[in-house]
Amino acid sequence: MPSQPGDGRLYIDGAFVPAASGRTGVVEEKATGKPIGSYALGSAADIDRAVAAARAAQPAWGALSAPERAGYLRAFCGYLEAHYEELVEQSMRETGGVRAKAEDEVGTSIRQLALSAVQVGESAGDILPPYKAGKLSLSRAVPLGVLGLITPWNYPMNLAMRALAPGLAFGNTVVLKPAELTPVIGGQVLAAAADHAGLPPGVFNVVTGDGPDAGWPLARHQGLDMLDFTGSREVGLAIDRAAAGELRDIRLELGGSNAFVVLDDADVELAASCAMIASLEFQGQTCISASRHIVQRAVAEDYLDALTRRAAALTVGDPFDPGTDLGPLISAAQRDRVHRAIVEPSLAMGARLVTGGSYDGLFYRPTVLAGVTARMPAFREEIFGPVLPVTVVDTEAEAIALTNGLPMLMNSVFTRDLIRGLSVAEQLQAGEVHVNDAHARHGAENQMPGFTRRQWIGLQRTPLSFPDWATAPADEES
């Protein structure tokens, strides 16, 4: 039976079905709180059905030729392209992101599908140098089997697609559990696309629900050949501990307290413009957002002023209003975490509120904190909100040491001397470092398995582009 995204059903073995419990939850528009659909509250029983379907379907799916699987992916991609505008609006409603964020999310998902459809036909393996005369050694790419995906709410569609598209392309079958805060754009619309594309039953399955009832049973399921989890460090560590005891394969992308380092010879106006993107894109609710601004004392006052002018000028409101720069936070729980567990305790410990620090419902004002020390939550925690904490240091060595003191994914370094910037970047223990620019999202596509750690370093004299809201305050003043 066909399904409309948001109608409160799972997608298992090629069919849209209710949860075993019969229970559903409400999908809300984040900016208004209005109900915009429902989602099924799946459980361990539903996960069992989905994994069994995926396992039964995998041999035949893996046996298809690369062109045949590519054809299915192109049809999947075609559905998303045909529904691009409604998917963008669904993302805006469900995540609370502005249009540019939603367009990036949907567009990236489409590109990933198209890329995977091409990649699957490029190479079946390698011919290896023979280890002995008269021998021929071949290696070939084979499917892992059944993949379990647990995805977050911030970029729900494309964080699912970056594993889903190549996973399907190379002959794996998939069970997806999207975040309960974004079950439609993160799961149900993908099920509708897969169904429209005619994927064989069981190749792709979607089980919505909450973490304890649906996520954890999938994370622990013995029928998976690999689990891919993107989310919080705490949950990831719990999954890691459980997997280690059972020797199960997992792939984790977890959060961290990313640093934004401004050295004493930096262009502070450039740095402050980049900071708007690095810390405030999607209200700061990304794993690559800058959580700590570590600034050398010689430029600290000028940087704080440039940062404050920009942050104070931003408009917070309904994402569908073209004049809005930042939308709402994802939930009341996230707002309370930002305000009560990070901002207020840091102020109580001696930090100074320069601008912001207030909210109306889920709409949280961009907040700049000065005088932040390494002991404060605003320094130590991954903020996941529109807060820019500034910590002042005296030396470059101190900035490097503070940066390396916490887990992180992506950093930025600002200096007028590109060689100095490269030198500092090479000393930072992050997978991705940008010199004189904000994040460019190369890390996820540049990971090297084995016993080495690949670090991506981007050198940029000036950033490639800014949204108007990142530069307008400084431009008007000049």
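The count comes to 23 salt bridges, a salt bridge being a side-chain nitrogen of Lys or Arg within 4 Å of a carboxyl oxygen of Asp or Glu. This is a predicted model, in which local features need pLDDT of at least 70, side-chain atom pairs count only at pLDDT 80 or more, and totals for chains, interfaces and linings use all residues. Residues are numbered from 1 along each chain as its sequence is written, and side-chain values use heavy atoms, without hydrogens and water.

Side chains of opposite charge can pair when their charged atoms come close. Take Arg-99 and Glu-85: their closest N and O atoms are 3.0 Å apart. Arg-99 lies in helix α4 (residues 99-119) and Glu-85 in helix α3 (residues 84-95), so this pair ties together parts 14 residues apart in sequence. Helices here are DSSP runs of H or I with at least four residues, strands are runs of E with at least two, and both are numbered from the N terminus.

Arg-99 also forms a salt bridge with Glu-103, at 3.7 Å from N to O. Both lie in helix α4, four residues apart, about one turn of the helix. Arg-99 is partly exposed, because its relative accessibility is 30% (buried means under 20%, exposed over 50%, partly exposed in between, with a 1.4 Å probe and protein chains only). Elsewhere, Asp-264, Asp-265, Glu-396 and Arg-420 are linked in a network of salt bridges.

Last, the backbone. Most residues other than glycine have a negative phi. Gln-283 has a positive phi of about 60°. Gln-283 sits in the loop between α9 (268-280) and β13 (290-296), and is buried, at 2% relative accessible area. Asn-436 also has a positive phi, near 60°. Asn-436 lies in the loop between β20 (432-435) and β21 (456-459), and is buried at 5%.
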